[in-house]
Amino acid sequence: MEDLLDRELKQKVDSRRFKEKDKEILETVEEVLDHFTMEILYDLIRELRIKKILGAISSGKEARVFPALSASGEYYALKIYLTFTREFKKSVWKYILGDPRFEGEKVTSTKSLIYLWCKKEYKNLVKMSEAGVSVPKPTAHKGNVLVMSFVGENGFPAPLLKDYYEELEDPEGFYMDVVNNMRLITCKAKLVHGDLSEYNIMVWRNRPVIIDVSQAVHVSHPNALIFLLSDVRNINRFFKEEVGIDVISSEELVGELKQCMGT
Ligand SMILES: Nc1ncnc2c1ncn2[C@@H]1O[C@H](COP(=O)(O)OP(=O)(O)OP(=O)(O)O)[C@@H](O)[C@H]1O
Ligand SMILES: [Mg+2]
C-alpha cells in the first residue's frame, strides 16, 4: 500500500517536473533504461540543452552509446552503463583496487560500482585529453551516464579501425599515430589503456581516436605492466598481420614505454 502511494506521489512529481518536450526527447531510450537513468537523463537534457537523442550506436552488454543533438547544433555521445554482469563485476575490481585515485571510495552496491566505473572513464578521458591524446572530449558525467564529444558527423559515428583498415590512406602513418598516442597515454597522462585494440580505435579524418577508456589504470597500478604488454601486443599483431605493415618490435616499444612508467 505504502509502495503504491509512493509510486503515485512520485508519478505526480515526475509529470510536473518532466515536460512533454523532454519526454519526446527520451522516446528512443525509454525502453532500455530504468527510472534512475531516466532521471539522470532529464537533468542532463536541461544542463546541456539536448533537444534530440537518436537510436543507440552500440548494443554492448554493459553499456550503450547514443548520439545526442544539442540546441547549438553540436552532437554529443552519451555512453550509458546499463548493468554489470557477474563476470564483469568480478573483473572490474582488478582495475579499481590498487589505483590511488580511487582509494577511500565507498562501493556498497552494484549501482555504486557502476557509478564509480563511469566516473573512472570520465576521469581517464580528462587526463588523456589534457595530455594531448586523441580521445573524445569529456563533457560531463552523472551517475551511470558519461557525456563526451561525438566522433563522426550528423549523428553518424566514424568507423572503427577493425572495419576500416583497408581504406586507410597511409597505414604506416596511421600506425605511428597510434604509437604516438600510446606514448602520450603512458608518458604524459601516466595511464595504461588496458583494452587497446582495433575495436577501440575509431578512424576520423584519417586519424585515430582512442575510445573506451574506463578500464585504463594509473602507471603505478600493480597490473599496469601486464596491461601495457597486452596493449602493445594487440596493436602490433593487428598492424602486422591484418594491415600487413612493418611494426616497431614489441620488445622495443614495451621497453620504451616502460621507461615512462617510473614516476
Ligand atoms: N565519442 C563517441 N562518438 C561516436 N561514437 C562513439 C563514441 N564513443 C563510442 N562510440 C561508439 O560506440 C561503440 C561502443 O563504445 P565503447 O567501445 O566505448 O563501449 P563498449 O563498452 O566497448 O561497448 P561495446 O561492447 O558495444 O563495444 C564504439 O564501438 C563506437 O562505435
Ligand atoms: Mg569497446
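Axes are lines fitted to C-alpha atoms, for helices over the stretch in contact, and the angle between two of them runs from 0 to 180 degrees between N-to-C directions. The exercises below use this idea on a predicted model.

**Exercise 1. Decide how helix α7 and helix α8 are oriented to each other, and which residues form their contact.**

Step 1. Helix α8 covers residues 224–243, and α7 packs against this helix at an angle of about 175°, the two axes being 11 Å apart.
Step 2. Angles over 145 degrees count as roughly antiparallel, and α7 and α8 are therefore roughly antiparallel to each other.
Step 3. On the α7 side the contact is formed by Pro171, Phe174, Tyr175, Val178, Met182 and Thr186, which meet Leu228, Asp231, Val232, Ile235, Asn236, Phe239 and Val243 of α8.
Step 4. Sorted by class, the residues of this contact are 10 nonpolar, two polar and one charged.

**Exercise 2. Treat helix α7 and helix α9 in the manner of the previous exercise.**

Step 1. Helix α9 is made of residues 250–261, and its axis comes within 8 Å of that of α7, with a crossing angle of roughly 25°.
Step 2. Since angles under 35 degrees count as roughly parallel, α7 and α9 are roughly parallel to each other.
Step 3. Tyr175, Val179, Met182, Arg183, Thr186 and Cys187 of α7 make the contact with Leu253, Glu256, Leu257, Cys260 and Met261 of α9.
Step 4. These residues divide into eight nonpolar, one polar and two charged.

**Exercise 3. Check whether the span of helix α7 agrees with its number of residues.**

Step 1. Helix α7 holds 18 residues, 171–188, and at 1.5 Å a residue these should span 26 Å.

**Exercise 4. Describe the setting of arginine 49 and of arginine 205, beginning with the phi of each.**

Step 1. Most residues other than glycine have a negative phi.
Step 2. Arginine 49 has a positive phi near 50°, and for arginine 205 the positive phi is about 50°.
Step 3. Arginine 49 is found in the loop between α3 (35–47) and β1 (50–53), whereas arginine 205 has its place in the loop between β9 (201–204) and β10 (207–210).
Step 4. Exposed means over 50% relative accessible area, so arginine 49, with 55%, is exposed, and arginine 205, at 59%, counts as exposed.

**Exercise 5. State how the chain is divided into domains and how far apart their C-alpha centres lie.**

Step 1. The domain assignment gives domain 1 (2–153) and domain 2 (158–261).
Step 2. The C-alpha centres of domain 1 and domain 2 are 26 Å apart.
Step 3. The contact takes 25 residues from domain 1 and 26 residues from domain 2.

Notes
Residues are numbered from 1 along each chain as its sequence is written. Chains are lettered from A and ligands numbered from 1 in the order in which they are written. This is a predicted model: local features need pLDDT of at least 70, side-chain atom pairs count only at pLDDT 80 or more; totals for chains, interfaces and linings use all residues. Side-chain values use heavy atoms; hydrogens and water are left out. Helices (H or I, at least four residues) and strands (E, at least two) are DSSP runs, numbered from the N terminus. The expected span of a helix is 1.5 Å times one less than its number of residues. Angles under 35 degrees count as roughly parallel, over 145 as roughly antiparallel, 65 to 115 as roughly perpendicular and the rest as oblique. Contact means heavy atoms within 4.5 Å. Ala, Val, Leu, Ile, Met, Phe, Trp, Tyr, Cys and Pro count as nonpolar, Asp, Glu, Lys and Arg as charged, and the others, Gly among them, as polar. Domain bounds come from an automatic or database domain assignment. Buried means under 20% relative accessible area, exposed over 50%, partly exposed in between (1.4 Å probe, protein chains only).
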